[in-house]
Amino acid sequence: MLEVLTGTGLAVAAGLNAYIPLLLLGLAGRFLDVVTLPAGWTWLENEWVLGGLAVLLVIEVVADKVPAVDSINDWLQTIIRPAAGGIVFGSGSGAQTVAVSDPSEFVASQQWVPIAAGVVIALIVHLGKMAARPAANALTAGAAAPVLSTAEDVGALGLSILALVVPVLVVVALLALVVAVPLLLVRARRRRLSVVQL
């Protein structure tokens, strides 16, 4: 059960920012006793992979703060974030392989299930983010981009840490997110209506 919570928290985080959970998972596997990656996922601990993820994270963080560039970045990330979600859910839930040498055995062993679950979870979060971002930029003349991006990065970092250290709290964090997002949307809509009426 804890592995599913870990995988879910990491996949949700990947939907917000693909590189934060991948980087944290790799760093935790390499330097901490908190995570022991399954044999098929130890490539995440490689120093070249970690360096590449760090560079990609910096590019993502900068691009996501610039209005209009953030929407282009979201389109580009439509494949990357769900793929990252599949990787982190698969590694977090203990699947033993990423490389498929025998497809029929891979399907029969159901090792694809956690990967597919991570892809779906990250894709849903990503599509929600992708739909909200242009509207927020239009309503605020781009001022929302750095604020939303920072909140997403902090959320991805927090969820990733919770998923790795205290997976039970992932449930609490996700429930808070489910409650907070609609409240923020209603508040923004009311604010927009009051501005229009003025």
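Buried here means under 20% relative accessible area, exposed is over 50%, and partly exposed is in between, with a 1.4 Å probe and protein chains only. Before going on: this is a predicted model, where local features need pLDDT of at least 70, side-chain atom pairs count only at pLDDT 80 or more, and totals for chains, interfaces and linings use all residues. Residues are numbered from 1 along each chain as its sequence is written, and side-chain values use heavy atoms, with hydrogens and water left out.

Back to Leu-23, which sits in helix H2. Helices are DSSP runs of H or I with at least four residues, strands are runs of E with at least two, and both are numbered from the N terminus. Leaving aside residues up to four places away in sequence, Leu-23 touches Leu-50, Leu-53, Ala-54 and Leu-57; a contact is heavy atoms within 4.5 Å. Leu-23 and Val-88 are 65 residues apart in sequence, and their C-alpha atoms are 10.0 Å apart in space.

Zooming out, how many helices and strands does the chain have? There are eight helices and zero strands. Of the 198 residues, 39% are buried. Among contacts with a separation of 6 or more, 74% are between residues 24 or more positions apart.

Now the inside. In soluble globular proteins, nonpolar side chains tend to be buried together. The largest nonpolar core here has 28 residues, and Leu-10, Leu-22 and Val-88 are among those with the most contacts inside it. By nonpolar core I mean a set of buried Ala, Val, Leu, Ile, Met, Phe, Trp, Tyr and Cys residues joined through side-chain atoms within 4.5 Å. Which helix gives the largest share of this core? That's H2, with six residues. As for Leu-10, its contacts include Leu-25, Val-88 and Leu-164.

On to the charges. Side chains of opposite charge can pair when their charged atoms come close. The whole structure has nine salt bridges, each a side-chain nitrogen of Lys or Arg within 4 Å of a carboxyl oxygen of Asp or Glu. One of them pairs Glu-47 with Arg-30, with the closest N and O atoms 3.2 Å apart. Glu-47 is in helix H3 and Arg-30 in helix H2, so this pair ties together parts 17 residues apart in sequence. Glu-47 is partly exposed at 47% relative accessibility, and Arg-30 is partly exposed at 38%.

Then there's Arg-133 with Asp-70, where the closest N and O atoms are 2.7 Å apart. Arg-133 lies in helix H6 and Asp-70 in helix H4, so parts 63 residues apart in sequence are tied together. Are these two buried or exposed? Arg-133 is buried at 1%, and Asp-70 is buried at 0%. Arg-81 also bridges to Asp-74, at 2.8 Å between the closest N and O atoms. Arg-81 is buried at 0%, and Asp-74 is buried at 0% as well. Shared partners join Asp-64, Asp-70, Lys-129, Arg-133 and Glu-152 into one network of salt bridges.

Lys-129 is in helix H6 and is buried, with a relative accessible area of 5%. Residues touching Lys-129 include Gly-15, Glu-60 and Arg-81.
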